[in-house]
Amino acid sequence: GAQVFIRGQRFLRRAHLAMAEPMEVDGFHAEVRQAAENAEELVIKGDIAGAIRQYETVLSKPVDPEDGEETVKAWEEAVYSLGNLYVKQGSVDPLVKLATDIRPFCKDLPKAKTAKIVRTIIEMLGKMPNTNERQEQLCCEVIEWCRAEKRTFLRQRVETKLAALYLNDKKYTASLDLLRTVVQEVKKLDDKLLLVEIHILETKTHFMTQNIPRSKASLTSAKTNANAIHCPPLLQADIDLWSGIIAAHERDGQTAYSYFYEAFEGFDLQGDPRALTSFQYMLMAKILIGEPDAVETLTASKAGLKHLGVEIEAMVAVAKAHKNRSLKEFESVLAQYGKQLTDNPIIQGHIAHLNEGLFEQNLLRILEPFCRVELAHVAKLIELPENRVTQKLGEMILDSKLSGTLDQGIGVIIVFDKDAIRSTYGNSLECIKNTSGVIDKLTEKAKLLV
């Protein structure tokens with residue numbers, strides 16, 4: 001009886017708003033529109049603070065979902081407009097306060113709409129520089145609020161966002177612990193889209209901790225769940241990107257290039273800034289498979305010209321130095337484009353591998369005509385500090401890449417001739433093994449006869 005009474009009261013209220021008080025509802029719309037117009041004029045004049053006050057005045061009034069969908073939509077747009085102004089002004093604290101202040105009004109809104117508003121505000125906060133810690137704090141507050149309000153849908157997505165923030169902040173253990181908890185809940189709900197996002201985060205985190213087998217397993221899980229749904233283009237491009245990164249890590253440059261190309265097309269069609277990173281990886285893959293000439297061809301293409309900049313110039317310079325097999329030129333490229341080549345840990349790892357490989361090749365070429373040579377002379381020929389040359393030669397001897405010994409007492413390296421390994425020992429062992437097998441078989445047959 002009580003439920004029937006409440007429904008009747010709501011029906012009467014809606015009818016009352018529709019017939020008796022149309023001006024009151026229209027007044028809220030008009031007020032929001034007027035505030036938006038005034039705010040735009042103030043922004044043009046450069047008075048962002050005044051524009052913010054316009055929206056703050058409107059949002060200080062409560063909104064009732066029973067006033068109609070248009071009223072709620074107007075209030076939602078006012079929240080987004082105010083948030084964007086905070087971002088434009090660089091006001092971190094007011095934006096965080098906005099996320100807190102709207103919670104009482106969100107109690108009566110549909111949970112999906114509330115989730116959209118809260119996640120949008122968190123994304124807005126991420127547009128401001130050096131706010132990673134504040135984003136983590138805000139996500140933790142929202143998660144606690146979601147638990148109190150029993151908003152599972154929003155909580156799981158904010159927890160996934162928090163895990164991504166932990167990853168960006170290099171808190172790998174915290175990120176993995178959080179993802180391990182969330183993935184168990186999401187699997188029970190069979191939310192495959194969120195599962196794909198979680199597995200991609202796991203892939204990135206495991207890769208950063210150099211746990212490549214776990215990273216590959218998470219990537220496989222992401223692909224499996226993505227195949228079962230209509231995967232959004234950007235998410236599919238992210239999967240292709242990380243498939244290429246793992247293939248490149250395993251020195252399979254040709255497969256990596258194919259994945260990077262697919263990722264580049266996906267990001268480029270959506271206008272995502274990760275298209276530039278994917279294009280850099282494409283160029284890197286061509287260098288890894290020994291095709292530095294293809295780098296110039298790719299940069300001269302339509303896609304290459306679109307993304308031409310200092311990042312692409314750095315990759316072209318690396319390709320040229322690698323083609324010339326010049327260690328000195330490679331070192332000068334690293335010095336000139338240090339920021340572009342070291343900011344990205346993926347590119348930095350491959351550049352270091354190329355540099356070390358080129359260093360070893362040059363040392364072996366220089367040492368080839370000698371059986372005994374001074375370390376100072378080797379350093380002079382390769383045009384690098386003697387300490388670094390000595391350290392590298394020691395590593396190569398320990399790794400069996402160079403047959404020789406260092407006599408640092410007199411500062412020379414003695415290079416040994418490679419001994420021809422005869423196959424006699426191997427053949428003898430193989431013969432003994434086969435003879436042993438024959439004797440075992442004869443023994444088994446003899447036992448049967450007895």
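Start your tour by selecting H350, which sits in helix 21 (residues 345-367). Helices here are DSSP runs of H or I with at least four residues, strands are runs of E with at least two, and both are numbered from the N terminus. What you have open is a predicted model, where local features need pLDDT of at least 70, side-chain atom pairs count only at pLDDT 80 or more, and totals for chains, interfaces and linings use all residues. Residues are numbered from 1 along each chain as its sequence is written, and side-chain values use heavy atoms, with hydrogens and water left out.

**Stop 1: around H350**

Is H350 buried or exposed? Its relative accessibility is 8%, so H350 counts as buried. Buried means under 20% relative accessible area, exposed means over 50%, and partly exposed lies in between (1.4 Å probe, protein chains only). Now show A248, H249, R251, M284 and L288: H350 touches these residues, leaving aside those up to four places away in sequence. A contact means heavy atoms within 4.5 Å.

**Stop 2: helix 21 and a neighbour**

Axes are lines fitted to C-alpha atoms, for helices over the stretch in contact, and angles run from 0 to 180 degrees between N-to-C directions. Colour the side chains where they meet: M315, V318, A321 and H322 from helix 18, and I347, I351, L354 and L358 from helix 21.

**Stop 3: another helix pair**

Next, select helix 9 (residues 152-168) and helix 10 (residues 172-189). Their axes come within 9 Å and cross at roughly 155°, so helix 9 and helix 10 are roughly antiparallel to each other. This crossing is left-handed. Residues making the contact include R155, Q156 and E159 of helix 9 and Y172, A174 and S175 of helix 10.

**Stop 4: two loop residues**

Most residues other than glycine have a negative phi. Select N130, in the loop between helix 7 (111-126) and helix 8 (132-149). N130 is not a glycine, yet its phi is positive, near 55°. At 83% relative accessibility, N130 counts as exposed.

Then go to S400, in the loop between helix 23 (386-398) and strand 2. S400 is another residue other than glycine with a positive phi, near 65°. Its relative accessibility is 67%, so S400 counts as exposed.

**Stop 5: a hairpin**

Move on to strand 2 (residues 404-407) and strand 3 (residues 412-415), which run antiparallel and are joined by four bridges. Two strands pair if DSSP finds at least two bridges between them. Which residue is the bridge partner of D407 in strand 3? Pick V412 to see that partner. Four residues lie between the strands of this hairpin, where G411 takes a positive phi near 70°.

**Last stop: the whole chain**

Zoom out to the protein chain, with its 24 helices and three strands. Of its 450 residues, 42% count as buried. Among contacts between residues at least 6 apart in sequence, 59% join residues at least 24 apart.

Conventions:
Parallel < 35°, antiparallel > 145°, perpendicular 65-115°, else oblique. Left-handed = near helix turned anticlockwise from the far one by under 90°.
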